[in-house]
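Hello,

Here is the structure I said I would pass on. Please open it first and keep it beside you while you read the notes below.

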Amino acid sequence: RHWRSPQEDNTCPLCPAQAHEDRNHLFFTCQFSSRVWNFLQIQWLAGLSPSECLIAARKSFGQPFFKEVVYLAAWNVWLLRNGRIFRNERHTFAAWRRNFIHDITPLSHRFKP
Ligand SMILES: [Zn+2]
């Protein structure tokens, strides 16, 4: 929802590469998102179908709560992106990490030590 129309500036707001922002760039290939996935130790392999890519990423992650981690990670990338576009807020990895940890902490009662 609320993806920008083709008439608008579709340059990625999260990286200096002036890359065209589409879903694949924003959530997977963007320099900012790549740092997020590296931090979480989740690998998205290229050249696979979406379902194969998901299975391979879950396998490489090797931890429980893969789905929750991916959703909250991507959600917080989306929020930073919107903050940058609509409120001209700074987007830092530290802010992403703080927000991600804030959001994932309520699930921690389900985690084993
Ligand atoms: Zn980018």
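A pocket, as the word is used here, is an open set of grid points where a 1.4 Å probe fits, with protein on both sides within 12 Å along at least five of seven lines. A residue belongs to the lining if it has an atom within 4 Å of one of those points. Please also note that this is a predicted model.

The largest pocket

With that definition, the largest pocket has a volume of about 410 Å³. Its lining is made of 18 residues, and those nearest the centre are Phe28, Trp37, Trp44, Leu54 and Val70. Which helix gives the largest share of this lining? Helix H4 does, with 6 residues. At least two lining residues come from each of H1 (23–29), H3 and H4. Sorted by class, the lining of the largest pocket counts 14 nonpolar residues, 2 polar ones and 2 charged ones.

Val70 counts as buried because its relative accessibility is 12%, and the cut-off for buried is under 20%. In sequence, Val70 is 34 residues away from Val36, while the C-alpha atoms of the two are 10.0 Å apart in space.

The zinc site

The zinc ion is held by four side-chain atoms: SG of Cys12, SG of Cys15, NE2 of His25 and SG of Cys30, at 2.1 to 2.4 Å. What geometry does the site of the zinc ion have? The site is tetrahedral, with angles of 101 to 113 degrees among the 4 donor atoms. Along the chain, the donors are spaced as C-x2-C-x9-H-x4-C. Cys12 is in the segment before H1 and Cys30 is in the loop between H1 and helix H2 (31–40), so this pair ties together parts of the chain that lie 18 residues apart in sequence.

How many disulfides does the structure hold? The number is 0. For reference, a disulfide is a covalent bond between the sulfur atoms of two cysteines.

Cys12 and Ile85 are 73 residues apart along the chain, and their C-alpha atoms are separated by 9.5 Å. Cys30 and Arg81 are 51 residues apart in sequence, with 12 Å between their C-alpha atoms.

For contrast, take Ala46, found in the loop between H2 and H3. Ala46 counts as exposed because its relative accessibility is 75%, where the cut-off for exposed is over 50%. Ala46 and Glu89 are 43 residues apart along the chain, and 31 Å separates their C-alpha atoms.

Two residues with positive phi

One is Phe65, with a phi of about 65 degrees. Phe65 is placed in the loop between helix H3 (50–61) and helix H4 (66–87). The other is Asn88, with a phi of about 55 degrees. Asn88 is in the loop between H4 and helix H5 (93–104).

Which of the two is buried and which is exposed? Phe65 is buried, with a relative accessible area of 18%, whereas Asn88 is exposed, with a relative accessible area of 58%.

After that, look for the residues nearest the centre of the largest pocket, among them Trp37 and Trp44.

Regards

Key. Residues numbered from 1 in each chain as written. Predicted model: local features only at pLDDT ≥ 70, side-chain atom pairs only at ≥ 80, totals over all residues. Heavy atoms only, no water. Helix = DSSP H or I, 4+ residues; strand = E, 2+ residues; numbered from the N terminus. Buried < 20%, exposed > 50% of the residue type's maximum accessible area, 1.4 Å probe, protein only. Disulfide = S-S within 2.5 Å. 1 Å grid on protein atoms, 1.4 Å probe; cavity = no way out; pocket = protein on both sides within 12 Å on 5 of 7 lines; lining within 4 Å. Points joined across faces, edges and corners; volume = space filled by probe spheres on them. Nonpolar A, V, L, I, M, F, W, Y, C, P; charged D, E, K, R; others polar. Donors = N, O, S within 2.8 Å, 3.2 Å for Na, K, Ca; no water. Tetrahedral: all angles 85-135°; square planar, octahedral: opposite > 155°, others 65-115°.
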